[in-house]
Every structure is written in structure tokens, then in C-alpha cells.
Amino acid sequence: MIAPAEPGRIEREDWAVPAFDCQQYRERSTRYCLVIPVINEGKRLEQQLAQMASLGQMDLVDVIIADGG
């Protein structure tokens with residue numbers, strides 16, 4: 001029998017990493033990264049990335065897109 005967890009504590013036995021796919025398009029190239037969590041963003045994400053590219057911001061950070069779907 002497992003003892004009850006302390007309030008606010010998550011037991012590690014309950015943790016599970018869901019199945020996922022990882023696609024890497026290029027190697028790390030900067031010291032910093034920008035993580036963009038998305039769920040069904042489609043055109044909105046494309047527009048944001050295009051705007052960042054047009055401002056020259058894409059060379060300042062590596063971009064990680066995490067799709068929650």
C-alpha cells in the first residue's frame with residue numbers, strides 16, 4: 001500500500017509521459033529559446049512567425065513549437 005502524498009505533492013508513480021513526435025529542423029544556434037505552446041493555431045501561428053522573421057527576430061532565439069494536440 002502506498003502512503004498518502006503530502007498536500008500539494010504529486011507521486012512520481014502517477015506520472016506518465018504521453019506518446020509524442022519530435023521533429024527537429026535544425027540544430028541549436030543561439031543561447032536562448034522561445035517556446036510557443038499551441039493547440040490548433042494554424043494561420044495565426046504562421047502569421048506570428050512571419051512577422052517575427054520580417055523584424056529579424058528569428059536570429060535572436062531558437063524557436064520551439066509545442067503542440068498540445
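This is a predicted model: local features need pLDDT of at least 70, side-chain atom pairs count only at pLDDT 80 or more; totals for chains, interfaces and linings use all residues.
The largest pocket has a volume of about 930 Å³, and its lining comprises 28 residues, among which Gln23, Tyr25, Val63, Ile64 and Ile65 lie nearest the centre of the pocket. At least two lining residues are supplied by each of strand S1, helix H1 (43-54) and strand S2 (62-67), and S2 gives the most to the lining, with six residues. By residue class, the lining of the largest pocket divides into 15 nonpolar, eight charged and five polar residues.

Threonine 30 is placed in the segment before strand S1 (33-38), and this residue counts as buried because its relative accessibility is 14%, which falls under the 20% limit for that class. When neighbours within four places in sequence are left aside, the residues in contact with threonine 30 are Asp59, Leu60, Val61 and Asp62.

Asparagine 40, by contrast, counts as exposed because its relative accessibility is 77%, the cut-off for exposed residues being over 50%. Asparagine 40 lies in the loop between S1 and H1, and its phi is near 55 degrees, a positive value in a residue other than glycine. Most residues other than glycine have a negative phi.

Methods. Residues are numbered from 1 along each chain as its sequence is written. Side-chain values use heavy atoms; hydrogens and water are left out. Helices (H or I, at least four residues) and strands (E, at least two) are DSSP runs, numbered from the N terminus. Buried means under 20% relative accessible area, exposed over 50%, partly exposed in between (1.4 Å probe, protein chains only). Contact means heavy atoms within 4.5 Å. On a 1 Å grid over the protein atoms alone, a cavity is a set of points where a 1.4 Å probe fits but cannot get out, and a pocket is an open set with protein on both sides within 12 Å along at least five of seven lines; lining residues have an atom within 4 Å of a point. Grid points are joined across faces, edges and corners, and a volume is the space filled by probe spheres set on the points. Ala, Val, Leu, Ile, Met, Phe, Trp, Tyr, Cys and Pro count as nonpolar, Asp, Glu, Lys and Arg as charged, and the others, Gly among them, as polar.
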